[in-house]
Structures are given as C-alpha cells and as structure tokens.
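I opened the model to look up charge pairs, strand pairing and the nonpolar core. My entries follow.

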Amino acid sequence: TIAGQTAENLGVAVRTGKYRYAEWAGGKNGAMLFDVVADPNETKNLADDPKFAGVRKELAELTKAAAK
C-alpha cells in the first residue's frame, strides 16, 4: 500500500504472512513493524526492537521496491 503525495510524507506498507511493516519517507519519518500472528491487534510496535532488525531490514527493502 502506498499513501501520501510527496516524498516528505510518502507512506509505504507491506505485509507478509507474519508481519506488517510501514514506513514514511523511507523510514525518516517513522516506521511500524507488527507481528500480526502474535499481535493481531497490532498493539506492540517492533520496529525499534533489536531482535527484529533483520525483519525490518528485509521488509524495508520490499517497501523501496513497492514505491518505485
């Protein structure tokens, strides 16, 4: 999903079977990472949790591809 009209507020989200990741302006204006299996109500943002750095990196690459 892509939302926003300028690079400063462009939001991009991707979803896998386990995670949903969204970022704004390439992550400069924030990011959200949720484990939708363990947390279906998306209450715990894992984006800044070091344990999920690899997942965040992988999904951030997908957002770049989707934004092209």
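**Charge pairs.** I started with R20 and E42, whose side chains meet in a salt bridge at 2.8 Å, N to O. I count a salt bridge when a side-chain nitrogen of Lys or Arg lies within 4 Å of a carboxyl oxygen of Asp or Glu. R20 sits in strand β3 and E42 in the loop between β4 and α1, 22 residues apart. Helices (H or I, at least four residues) and strands (E, at least two) are DSSP runs, numbered from the N terminus. R20 is partly exposed at 21% relative accessibility. E42 is partly exposed too, at 24%. My cut-offs are buried under 20% relative accessible area, exposed over 50%, and partly exposed in between, with a 1.4 Å probe and protein chains only. I also noted a positive phi near 50° at E42, which is not a glycine.

**Provenance.** This is a predicted model: local features need pLDDT of at least 70, side-chain atom pairs count only at pLDDT 80 or more, and totals for chains, interfaces and linings use all residues. Residues are numbered from 1 along each chain as its sequence is written, and side-chain values use heavy atoms, with hydrogens and water left out.

**Other bridges.** How many salt bridges does the structure hold? I found three. D35 pairs with K18, the closest N and O atoms being 2.8 Å apart. D35 is in strand β4 and K18 in the loop between β2 and β3, 17 residues apart. D35 is buried at 9% relative accessibility, while K18 is partly exposed at 35%. D48 pairs with R56 at 3.1 Å between the closest N and O atoms. D48 is exposed at 69%; R56 is partly exposed at 21%.

**Strands.** I then checked β3 (residues 19-24) against β4: they pair antiparallel over five bridges. Pairing needs at least two DSSP bridges between two strands. Y19 stands opposite D35. Six residues separate the strands in a hairpin, and A25 in the turn has a positive phi of about 50°. Four of the five residues of β4 (residues 31-35) are buried, so the strand is largely enclosed by the rest of the structure.

**Core.** The largest nonpolar core has 11 residues, among them V14, Y19, Y21, L33 and L59. Such a core joins buried Ala, Val, Leu, Ile, Met, Phe, Trp, Tyr and Cys residues through side-chain atoms within 4.5 Å. α1 gives the most to this core, with three residues. Beyond neighbours within four places in sequence, V14 is in contact (heavy atoms within 4.5 Å) with residues including Y19, Y21 and L59.
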